[in-house]
Amino acid sequence: MKIEKACSNCGVPFWVARTNVWRDNGTIYSRMLPQHRMVFMESDNLDGLFSNLEIIVDRPIKDLIIEAKSKATREYLRPLLRRRRGRLVQLIGYRRMARYVASMAALMGYGQIELLDFSPKFGRADRMTIRVRNIYSLLMFCGDIKGAAEAAGRPNSLRQASVDYLIEKANQYQVTVFVSGKAVQEPEEREPLTYVNKPGDFQLERCPQCGTPTEVANYRWDLALGTINDPRTGRRMAIFGPATIDRTFEELEKQLGIELDDVIVEAQRRYIHTALTEEESRLDKESIRLQLAVRGLGNLTEMEPGEKGSINLRIENPCLAPILIGLMLGGYEIATHRRARAFWKIEEDGDLRLTIEPQEN
Ligand SMILES: [Zn+2]
C-alpha cells in the first residue's frame with residue numbers, strides 16, 4: 001500500500017491527485033465517490049470558528065459539536081459499513097488497517113495518528129486509544145472516531161460510544177473511545193447531501209503529469225507530520241467533505257434551537273480578522289476566483305462595485321455558504337478598514353448572491 005508517492009513534476013502526492021478532481025466549475029469532487037464534494041481549506045479555520053461560535057451563543061458547545069459530528073459520521077459510514085462491516089479488518093488486521101487509515105489521514109492534512117492500544121471483544125475493539133499530533137481539528141476528530149466506533153456495530157444492535165481526550169503536551173493528545181453496552185438507534189437512511197454542480201469554464205492551469213491545478217503545488221505536504229502547509233502564509237490546510245460539516249451545523253441548530261447561518265457568518269468574520277493579511281484581502285477578482293476554486297468553495301462569476309462602496313458578487317456552486325460569506329465579509333473589512341454587512345441569498349439555481357456594504361458608522 002504505497003500511497004505516499006509524489007508526482008515527480010509538481011510534488012503533489014499522487015494519491016491526492018488520484019482521489020480528488022478539481023473541476024473547471026469551482027468544485028472538488030472525490031473520484032472514488034463521485035457524488036461526494038470535497039474542500040481543500042485552512043484547517044485552523046474550523047477550531048477558530050467553533051471557539052467564536054461558543055463565545056457568540058454564550059454556552060459550552062464543544063460536546064455538542066463532537067456529538068453532532070459523530071452523528072454525521074455515523075450516518076455517512078453506516079451504509080458503507082453495513083455490508084462490509086468487519087471484513088476489511090478481518091482481512092488485513094486492526095494494526096495494518098490503522099496504519100493505512102493513518103497514511104490517508106496524513107495525506108489529507110489531518111495530522112499524525114497512531115493506534116496505541118485496543119481491547120478487542122467479539123472480534124472488534126470496545127476500547128481504542130489513539131495518539132494524535134498536529135490534529136487538524138480536535139473536535140472534528142473526536143466526533144469522527146466516536147461516529148466510526150458506533151457505525152461499526154452489528155445490524156440493529158448499534159452501541160453508544162463515548163470519547164475522551166487527554167493533553168499529553170502541546171499539539172499532542174491521547175484520544176480514547178469506549179463502546180458502551182447502551183443501545184443507539186440505527187441511523188435513518190438519508191439521501192447524502194448534494195450540492196449544485198453547474199458546469200463552468202474556468203481554465204485552471206494544471207500539472208501535465210497528474211492533472212492537479214498548479215496552484216495546489218504551492219502547498220507543502222509533510223507526510224511524517226501529517227500536515228499540508230502554505231509556505232506563503234504559514235497556514236495549515238486539510239482536505240475534507242463539506243457535507244459532514246453542514247450536517248454538523250444542522251444537528252447543532254437542532255440541539256441549540258436557534259438558526260445558525262448568521263451566527264456562523266459572524267463567527268467566521270471574526271476569525272478572518274485574526275487570519276487574513278491585508279495583502280491577501282486586496283486580491284482582484286481573478287485571484288479571488290482562483291483561491292475559491294482551489295479550495296473547491298465555488299465559482300466566482302461576478303464581482304461588481306455597487307452603490308456607496310458596496311460590492312455585488314455571484315458565486316456558482318457554492319458550498320459551506322455561511323463560512324464563505326464570513327470569509328468575503330471579513331476580507332472586505334480588512335481591505336477597506338470599514339465595518340460592513342452582508343446581504344445574501346441562495347437563488348433557485350443554487351447560485352449565491354452576495355452584497356457586502358459598508359456600515360454607516
Ligand atoms: Zn503533478
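**Note on the predicted model**

1. Confidence. The chain of this predicted model has an average pLDDT of 88, and 93% of its residues score at least 70. Confidence is lowest in helix α4 (residues 87-92), where the mean is 56, and highest in β12, where it is 98. Where pLDDT is low, the predicted coordinates should not be read in detail.

2. Four-stranded sheet. Four strands, in the order β11-β12-β14-β13, make up an open sheet with antiparallel pairing. The edges are held by β11 (299-305) and β13 (340-346); each has a single partner strand, so one side of each lacks a neighbour in the sheet. From one strand to the next, the twist averages 15°. Six bridges pair β11 with strand β12 (residues 311-316) in the antiparallel sense. Within this pairing, E302 has R314 in β12 as its bridge partner.

3. Six-stranded sheet. A further open sheet contains six strands in the order β1-β2-β3-β10-β9-β8, and its pairing is antiparallel. Here β1 (20-22) and β8 (220-222) stand at the edges with a single partner strand each, so one side of each is left without a neighbour in the sheet. The twist in this sheet averages 35° from one strand to the next. Strands β1 and β2 (residues 28-30) run antiparallel and are joined by three bridges. The bridge partner of W22 in β2 is I28.

4. Nonpolar core. The largest nonpolar core comprises 85 residues. Those with the most contacts inside this core are V39, A238, I325, M328 and L354. If neighbours within four places in sequence are left aside, I325 is in contact with V265, A342, W344 and L354.

5. Helix α2. This helix (residues 44-57) has 14 residues and reaches 20 Å from its first C-alpha to its last, close to the 20 Å expected at 1.5 Å a residue. Its buried residues are N45, L46, L49, F50, N52 and L53. After α2 comes D58, which has a positive phi near 55°.

6. Positive phi in two asparagines. Most residues other than glycine have a negative phi. N134, although not a glycine, has a positive phi of about 50°. It is placed in the loop between β5 (124-133) and α6 (138-151). Which of the classes, buried or partly exposed, applies to N134, and which to N317? N134 has 18 other C-beta atoms within 10 Å and is therefore partly exposed, whereas N317 has 25 within 10 Å and is therefore buried; the cut-off for a buried residue is 20 or more.

7. Surroundings of S162. This residue lies in strand β6 (residues 159-169). S162 has 15 C-beta neighbours inside 10 Å and so counts as partly exposed. Apart from neighbours within four places in sequence, S162 is in contact with F178 and S180. S162 and K71 are separated by 91 residues in sequence and by 12 Å in space, C-alpha to C-alpha.

Terms used:
Residues numbered from 1 in each chain as written. Predicted model: local features only at pLDDT ≥ 70, side-chain atom pairs only at ≥ 80, totals over all residues. Pairing = 2+ DSSP bridges. Axes fitted to C-alpha atoms, helices over the stretch in contact; angles between N-to-C directions. Buried ≥ 20, exposed ≤ 12 C-beta atoms within 10 Å, placed from the backbone. Contact = placed C-beta atoms within 7 Å. Expected span 1.5 Å × (residues − 1). Core = buried A, V, L, I, M, F, W, Y, C linked by C-beta atoms within 7 Å. pLDDT = per-residue confidence, 0-100.
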